Amino acid sequence: MTNILAEVLQALHEKGIRFTKYDIDVTNDEHFSEWFLELNPRAELPVLQNGLLIVPGSSRILDYLEENYPKDKPLRMPIGTDKLIFGFRQTIESLPIGVITIGSFLHPQHVGSPKFPFVLPVRQTILAREESLAERLRSYAAEYPAFAEVLLKKADFHESKRSIIASEEYFCKLLVALDEFLSSVEGYLTTLDMEQCWLTGTDTFTMVDIALGTLLHRLYVLGLEDRFWGEGKKPHVGRYFTKVCQRDSFQSVLPSKVSILRTVWINTPPVYKAGLAAVSSVLISSTLLKR
């Protein structure tokens, strides 16, 4: 699950808005299919559909929910919130989390132990698909001429960024910048009563809490938690992450064990599947026994 999708889902749960989730199969390029391109010609996720209205992109969706469901639990930062907190959200939104994710696959020496679903076979499959993405986009452009301009631009952009993503030096610079950002968050958290307060300094849970919690969770599943807040580093960030994880809305958007295994299985090359089958059966059995 991407960070931006997780943010939208958590906001929907926080506000108590009823919705139906449709999972796009990105492993089979469903977001580049003709029906989805007609829905969102930019082929980007997530997309919210409310009747005939289509709202693409997480930021737009979050703003739409706040503007059109004001009687539900508000998630906007209160008037008078420290400008530093607005800066936190802007920084998180500007982070190239996709580059950090792929970079962690390419440079595992800088990462600890990745969690499900980012096990080795899945990482290898994702990297292989990244390698062929530009070629697939050009193929879709030829197949769907009405959307060719957007798809070809995406193909060119992907090719231009491949050398950047592959650079270990660039990846390390990203990690340093991210560490500096989390250090500033740590410094701010030391001023709060974390038993009572969220990031705005009140008991109000807002968009910036969703954004930071989602970021920390992505770093956790990538195996980067020890680098940034584990082993006594940034203890307040660690406590904050634990607190976010305990929130009902956060638990609601986490994939189940069965859905995680399905994702792993779909993304696993045949050569690995025999070994994973035994692990899968054990985990599925334990899940069913707990129900």
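## Packing of H8 and H11

In this predicted model, the axes of helix H8 (residues 168–189) and helix H11 (residues 235–245) come within 8 Å. They cross at roughly 85°. H8 is therefore roughly perpendicular to H11 (angles of 65 to 115 degrees). Axes are lines fitted to C-alpha atoms, for helices over the stretch in contact, with angles from 0 to 180 degrees between N-to-C directions. Helices are DSSP runs of H or I, at least four residues, numbered from the N terminus.

H8 makes the contact (heavy atoms within 4.5 Å) through Leu182, Val185, Glu186 and Leu189. H11 contributes Pro235, His236, Val237 and Tyr240. Six of these residues are nonpolar, one is polar and one is charged. Ala, Val, Leu, Ile, Met, Phe, Trp, Tyr, Cys and Pro count as nonpolar, Asp, Glu, Lys and Arg as charged, the others as polar.

## Second largest pocket

The second largest pocket has a volume of about 240 Å³. Its lining includes Ser59, Asp63, Arg76, Phe86, Glu93 and Met207. Helices H3 (58–68) and H4 (83–94) each supply at least two lining residues. By class, the lining has five charged, four nonpolar and two polar residues.

A pocket is an open set of points on a 1 Å grid where a 1.4 Å probe fits, with protein on both sides within 12 Å along at least five of seven lines; lining residues have an atom within 4 Å of a point. The volume is the space filled by probe spheres set on the points.

## Confidence

Mean pLDDT (the predictor's confidence in each residue, 0 to 100) is 87 for the chain, and 87% of residues reach 70 or more. Over residues 271–291 pLDDT stays under 50. Where pLDDT is low, the predicted coordinates should not be read in detail.

Local features need pLDDT of at least 70, side-chain atom pairs count only at 80 or more, and totals for chains, interfaces and linings use all residues. Numbering runs from 1 along each chain as its sequence is written, and side-chain values use heavy atoms, without hydrogens and water.

Conventions
Angles under 35 degrees count as roughly parallel, over 145 as roughly antiparallel, 65 to 115 as roughly perpendicular and the rest as oblique.
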